[in-house]
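I opened this entry to record what I looked up, one item at a time, beginning with a single residue and then widening the view.

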Amino acid sequence: MKILGRTAMKVFAAPGGFALAVVKQFRANQGILLAGAVAYYTLLSLIPLLILILLALSHLVPEDRLLLTLAEYLEFVVPGQSTALVDEVRKFLEHKEVVGSILLVTMLFFSALAFTILENAMSVIFYHRVKIKRRHFMVSAAMPYLFILFLGVGLLIVTVLSGALQSIGTRSITILGQPRSLDQLSIFLLYLLGVTGEMLLLTAIYFVMPVGRLFFRHALIGGVTATLLWEIMRHMLAWYYTTMSQIQVVYGSLTTAVVVLLSVEIGALVLLVGAQVIAEYERIGREPVETAGRSMKLD
């Protein structure tokens, strides 16, 4: 706690300098190129990953309920395009009996690609950790599939909770003799559930992906930072697509793919910036105050 206090004091003493140091180091690490690679492989992985999770969970929860929940919370990932993605997944699930062992293995492979590339991107950002200790290749091989399992459990929990919250929205209470609908409360709680799940997922990624033991509070700092940044960007994207964008005129039938790729690209940038915030926070915690202070000044 004492070290955390010193580090936090450095950040609060020069927040602008800290932000500048994060941006400079992110550029030095070629963060935009890393985000592009993560976004590309995430786009390849997204549909197979969703199909695998829904195939597994459909044995526990009705498909319609799962697809409805998925459509609601995919808005946190690809604003404005969740319906199109869910429609593609629904078409596949209508013919799920054709899924053979070869197709299943192929989907497992593509589902894991994004996590593998993300781990490599994290290795660049947390290079100081990789220099000290390298992760066993078997752990790296198993990690993507453990994350897929984690996402499946998370979707199951969110489906159950969102169903309960939506049932609250159909009810009303009486205040001073006047009936009041709980619909707005239900909508707010569903949004809060989505943001909380988003923050916990990001925190889990930051806690596990870097090599070595990361303090949970540091992972939480990155998770909160990335969640705040993404919520700002997500609402800006949703506003842009609905009010100003002429992207459909330019790309026609490719609009969905382009918009999803753009959203995932920005999401990958936010994810890696959150990781860079953690790496920079660790750096100024390790170095003397005067060293960190010089690095946070303009050249």
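Is Glu 231 buried or exposed? I find Glu 231 buried, at 9% relative accessibility, where buried means under 20% relative accessible area, exposed over 50% and partly exposed in between, with a 1.4 Å probe and protein chains only.

**Source of the model.** I note that this is a predicted model, in which local features need pLDDT of at least 70 and side-chain atom pairs count only at pLDDT 80 or more, while totals for chains, interfaces and linings use all residues. Residues are numbered from 1 along each chain as its sequence is written, and side-chain values use heavy atoms, with hydrogens and water left out.

**Whole chain.** I looked up the overall make-up and found 13 helices and 2 strands; helices (H or I, at least four residues) and strands (E, at least two) are DSSP runs, numbered from the N terminus. Of the 299 residues in the chain, 41% are buried. Among contacts (heavy atoms within 4.5 Å) with a separation of 6 or more, 79% are between residues 24 or more positions apart.

**Helix H10.** I returned to Glu 231, which is found in helix H10, and listed its contacts, leaving aside neighbours within four places in sequence: Phe 76, Tyr 191, Val 195 and Glu 198. Thr 227 also has its place in helix H10 and is buried, at 5% relative accessibility. Not counting residues up to four places away in sequence, Thr 227 touches Val 195, Glu 198, Met 199 and Leu 202.

**Salt bridges.** I searched the whole structure for salt bridges, each a side-chain nitrogen of Lys or Arg within 4 Å of a carboxyl oxygen of Asp or Glu, and the search gave 3.

- Glu 231 forms a salt bridge with Arg 234, with the closest N and O atoms 2.9 Å apart. The two are separated by about one helical turn, because they stand 3 residues apart in helix H10 (residues 216-243). Arg 234 is buried, with a relative accessible area of 9%.
- Arg 90 and Asp 87 join their side chains in a salt bridge at 3.0 Å, N to O. About one helical turn separates Arg 90 from Asp 87, because they are 3 residues apart in helix H5 (residues 82-93). Arg 90 counts as partly exposed, at 31% relative accessibility, and Asp 87 is partly exposed too, with a relative accessible area of 32%.
- Arg 283 and Glu 280 meet through their side chains in a salt bridge at 2.5 Å, N to O. Both lie in helix H12 (residues 255-286), 3 residues apart, about one turn of the helix, and both are buried.

**H3 against H5.** I then looked at how helix H3 (residues 31-57) packs with H5, and found an angle of about 55° with the axes 10 Å apart; axes are lines fitted to C-alpha atoms, for helices over the stretch in contact, and angles run from 0 to 180 degrees between N-to-C directions. That angle makes H3 oblique to H5, since angles under 35 degrees count as roughly parallel, over 145 as roughly antiparallel, 65 to 115 as roughly perpendicular and the rest as oblique.

Which residues meet in this contact? From H3 I listed Leu 46, Ile 47, Leu 50, Ile 51, Leu 54 and Leu 55, and from H5 Leu 85, Val 89, Phe 92 and Leu 93. The residues of the contact of H3 with H5 divide into 10 nonpolar, no polar and no charged, where Ala, Val, Leu, Ile, Met, Phe, Trp, Tyr, Cys and Pro count as nonpolar, Asp, Glu, Lys and Arg as charged, and the others, Gly among them, as polar.
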